Amino acid sequence: MLRIAEFISPTPTPVWKLARQCGVDLAVGGLPFDSLEANERVVDLAPLTRMKQAYEDAGFTLEVIESRPPLNKAKRGLAGRDEEIDAVCTLLENMGKLGIPVWCYEWMTDFNWLRTNLATPSRGGSVVTSFDANDVPADLTSNPPISEDELWANLDYFLRRTLPVAERAGVKMSMHPDDPPITPIRGVSRIMRTIPNYHRLLEMVPSDMNTITLCQGNFTLMTDDLPAEIRRFGKKISFVHFRDVEGVPTQFRETWHDAGKTDMLACMQAYKDVGFDGVLRPDHVPTVEGDSNSNAGYSAFGRLYAIGYIRGLQEAVYGTP
Ligand SMILES: [Mn+2]
């Protein structure tokens, strides 16, 4: 069954109450970077246990961890990558012990999601994030270029070490797409940016734990028929980011959930048709009147509209509970 979750940061914010007030009691969590005691790492069992307990004390079940320990050496194939991969293996083992079923990771080297404007005007004076390839800073990274072939080889190496651990732990590794889905950016190649590349990921190391995060904002820039692609990926989808955009991969802006290029109702129907069994969370939201844009895409009030809109789609497709 599709279930609605929210991103709940490990350190309490007003969203901890707002989400519950909207009827959301499933958390997509981070890692306990801000609550470590001496000699602890974020992948260790004790801080993960405390984090999970804090979510539960607030009424949330922790369904997904959507944060990563350092992985750039692994992505670049540098000395020290085995230590980074060992840390991921420890994380997966501990998630298994704690019954947290999905780890959302990504293969974006050097920098994560990238926008060139964090306050682009949207409906009624709200603001959204946007990207224009012409505006990417020249000094985005000081690292040398890296090729797509290298990224594939390093990903293969990573998956062959981690997926057997994930299988023993019963934790699904869920690959989030590159955002924006273009390559290269200032010499840094990106590979998780097309639908054929995603099928290559799934085929290179076959495993029930080798799964994907269907982040609609990125996937809808890879196709004009997202519902059809959702049906093709089917059971390989373990986690959904629900959001929308308008534009093309090199030049786009995010939109309100009801105002982008994608047929969101048809997507919801596709998840039902493939028997998606996992959590879906609103991804980036507009920043609205009276709210802060200091964490663009993750403002509190914008999520209320998103949750309500998604709940409506869910009831339209799945029926009222
Ligand atoms: Mn996403």
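Donors here are N, O and S atoms within 2.8 Å of the metal (3.2 Å for Na, K and Ca), and since water is not among the atoms, sites may look incomplete.

Some ground rules before we dig in. This is a predicted model, where local features need pLDDT of at least 70, side-chain atom pairs count only at pLDDT 80 or more, and totals for chains, interfaces and linings use all residues. Residues are numbered from 1 along each chain as its sequence is written, and side-chain values use heavy atoms, with hydrogens and water left out.

**Exercise 1.** Work out which atoms coordinate the manganese ion and where they sit along the chain.

*Solution.* 
Step 1: List the donors. They are His176 (NE2), Cys215 (SG), His241 (ND1) and Asp283 (OD), at 2.2 to 2.5 Å.
Step 2: Write the spacing, which reads H-x38-C-x25-H-x41-D.
Step 3: Check burial (buried is under 20% relative accessible area, exposed over 50%, partly exposed in between, with a 1.4 Å probe and protein chains only). Cysteine 215 comes out buried at 0%, and histidine 241 is buried at 1%.

**Exercise 2.** Explain why helix H8 (residues 226-233) counts as largely enclosed.

*Solution.* 
Step 1: Count. Six of its eight residues are buried, so the rest of the structure largely encloses H8.
Step 2: Name them: Leu226, Pro227, Ala228, Glu229, Ile230 and Phe233.
Step 3: Find the cover, using contacts (heavy atoms within 4.5 Å). It includes helix H6 (195-204), E9, helix H7 (216-219), E10 and helix H9 (264-273).
Step 4: Glycine 234 follows H8, and its phi is positive, near 50 degrees.

**Exercise 3.** Decide whether the overall dimensions of the protein agree or disagree with a compact globule.

*Solution.* 
Step 1: Take the radius of gyration over C-alpha atoms and apply the globule rule, 2.2 Å times the number of residues to the power 0.38. For 321 residues the rule gives a value near 20 Å; the protein has 19 Å, which agrees.
Step 2: Along the principal axes, the C-alpha atoms fill roughly 50 × 45 × 40 Å.
Step 3: Bring in burial and contacts. Of the 321 residues, 55% are buried. Among contacts between residues at least 6 apart in sequence, 72% join residues at least 24 apart.
Step 4: Tally the secondary structure, which comes to 10 helices and 13 strands.

Technical notes. Helix = DSSP H or I, 4+ residues; strand = E, 2+ residues; numbered from the N terminus.
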